[in-house]
Every structure is written in C-alpha cells, then in structure tokens.
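These are my notebook entries on one structure. I record what I looked up and what I found.

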Amino acid sequence: MKTEIKLVKGDITTMAVDAIVNAANSSLLGGGGVDGAIHRKGGSRILEECKAIRNRQGKCKTGDAFYTSAGLLPAKYVIHTVGPVWNGGRNKEPELLASCYRKSLEIADSLLARSIAFPNISTGVYHFPKAEAAQIAIATVKEFIDNENKNIEEVIFVCFDDENYQLYKNILDR
Ligand code: AR6
C-alpha cells in the first residue's frame, strides 16, 4: 500500500483522523502541553479510560503506548505514548523516542486506522532536541510504512511551533 506522509502546522486536537497520538507521561493522568489540550478538549471520558487502564496494568513505561477512545474530539482514538525526558542523550533517549512512534503505529494499524496524526513527542517539556527528534520520527515512520504497515494510508505530522514545522519540512522536501 502507498502510504502518504503529510505535514501540518496546527493543533492536533482539531484533526479528524482515525487516531491522534498524545505525548503523555507515565502516570497516565494527564499533564500540560499537548496532553493537557487533548484532555481539556476531549472531555472526562478519556481520563476515565486512562485511569481504568492504569488500575489494570499500572503506569505506562517510557517508549510504550496504549489507546483510549477520543471522547469529544473529532478523532476516533487517542493513542497515548510516553516519550523520554532528554537527559543528555546517553540514556537510550533516541531508541525510546523511536519506540514511541513504532508502538503507536502498531496500535493504529491493529485498530485498522487509516489515518494517524503525531505531535512532536518529547520536544516540549521533555526537551528532546527538535532536529534529532524530527529525524527519528520521520525515519521510524518510513521504516514502518515500508515494512510492516497493513492499514494506514496517511501519517500526518502536526507541528505546533514554527521551528518544528521548518525542521520537518526540510527533511520531507529532500
Ligand atoms: N497540538 C499539537 N502539538 C502541540 C499542542 C497541540 N495542541 N500543544 C503542544 N504541542 P509537550 P513532551 C507540541 O510538552 O515534551 C505533558 O505535561 C509542543 O509544541 O506537550 O512529550 C505530559 O503530561 C511540542 O512540540 O510534550 C508530560 O508530562 C510537542 O507538542 C510531558 O508534558 C510536545 O510537547 C510530555 O512532554
């Protein structure tokens, strides 16, 4: 299948796609940034589902992902993934970030999602350097769609800030 990669500048909570990805934290109980926006606009149902998952299986490990419904958002599902906190780069941050993208894609594919939108995981409060994060995000998505994907037709990178948007644009235009 030919899967398209698209780039958008904006707010991921407005995306009418099958799955949006949330840059969550291991508590699963919400936070600021994109996580805050998703819970705020999506309503209490998302948090209730997160709490139920936490009660069943405990905290979410860094690099791992799980999904809930999308509450009041236009998407069908929210895939919550926990990005690494940048701590110099020698604590497996690149591998863990790649794992966030890969596991999210695996979940979306297993949900038969045809479209998935990603924020720039870990590049806000978690301070992952944006240029390196963009390389990892794009390389991991390409690898997945070339080798494993069955159902996803569209992967959209949703950049909230200009710097991320330009970094992605430069790589994708090459
Ligand atoms: N739509 C798309 N992207 C957004 C939005 C939005 N509405 N809002 C912010 N971003 P961050 P992290 C971008 O800090 O670094 C939370 O408190 C933002 O510009 O949301 O993975 C969690 O609970 C940045 O590029 O996530 C965790 O505790 C990107 O989203 C912690 O932050 C990620 O920034 C996770 O930190």
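Entry 1. In which helix is the place of S99? I found S99 in helix α3, residues 93–110. Helices here are DSSP runs of H or I with at least four residues, strands are runs of E with at least two, and both are numbered from the N terminus. I note that this is a predicted model, in which local features need pLDDT of at least 70, side-chain atom pairs count only at pLDDT 80 or more, and totals for chains, interfaces and linings use all residues. Residues are numbered from 1 along each chain as its sequence is written, and side-chain values use heavy atoms, with hydrogens and water left out.

I then looked up the accessibility of S99. S99 counts as buried because its relative accessibility is 10%; buried means under 20% relative accessible area, exposed over 50%, and partly exposed in between, with a 1.4 Å probe and protein chains only. A polar atom of the S99 side chain lies 2.6 Å from the backbone oxygen of G63.

Entry 2. I turned to helix α2, residues 44–57. Its 14 residues should span 20 Å at 1.5 Å a residue, and the end C-alpha atoms are 20 Å apart, so the two agree. The expected span is 1.5 Å times one less than the number of residues.

Which residues of α2 are buried? I listed I46, C50 and I53. They cover an arc of only 60 degrees around the axis, and therefore lie on the same side of α2; the arc is that of the directions from the helix axis to the C-beta atoms. On the other side of α2, the residues S44, E48, N55 and R56 are exposed. The cover over the buried residues of α2 includes α1 (33–42), β3 (65–69) and β4 (77–82). After α2 comes G58, with a positive phi near 80 degrees.

Entry 3. I examined how α3 meets helix α4, residues 130–147. Their axes come within 9 Å and cross at roughly 40 degrees. Axes are lines fitted to C-alpha atoms, for helices over the stretch in contact, and angles run from 0 to 180 degrees between N-to-C directions. Residues of α3 that meet α4 include L97, Y101 and L105, and among their counterparts in α4 are I136, T140 and F144. Contact means heavy atoms within 4.5 Å.

I also checked the length of α4: its 18 residues reach 26 Å from first C-alpha to last, close to the 26 Å expected at 1.5 Å a residue. The buried residues of α4 include A133, I138, V141 and I145. They pack against β1 (4–9), α3, β5 (115–118), β6 (154–159) and α5 (162–173).

Entry 4. L112, in the loop between α3 and β5, has a positive phi near 65 degrees, although it is not glycine. Is L112 buried or exposed? It counts as exposed because its relative accessibility is 60%.

S122 is in the loop between β5 and α4, and its phi is also positive, near 75 degrees. S122 counts as buried, at 5% relative accessibility.

I152 is in the loop between α4 and β6 and is buried, with a relative accessible area of 0%. I152 and R114 are 38 residues apart in sequence, yet 4.2 Å apart in space, C-alpha to C-alpha. Not counting residues up to four places away in sequence, I152 touches several residues, including M1, L105, A113, I116 and F144.

Methods
Polar contact = N/O pair within 3.5 Å; in protein donor to acceptor, adjacent residues only side chain to side chain.
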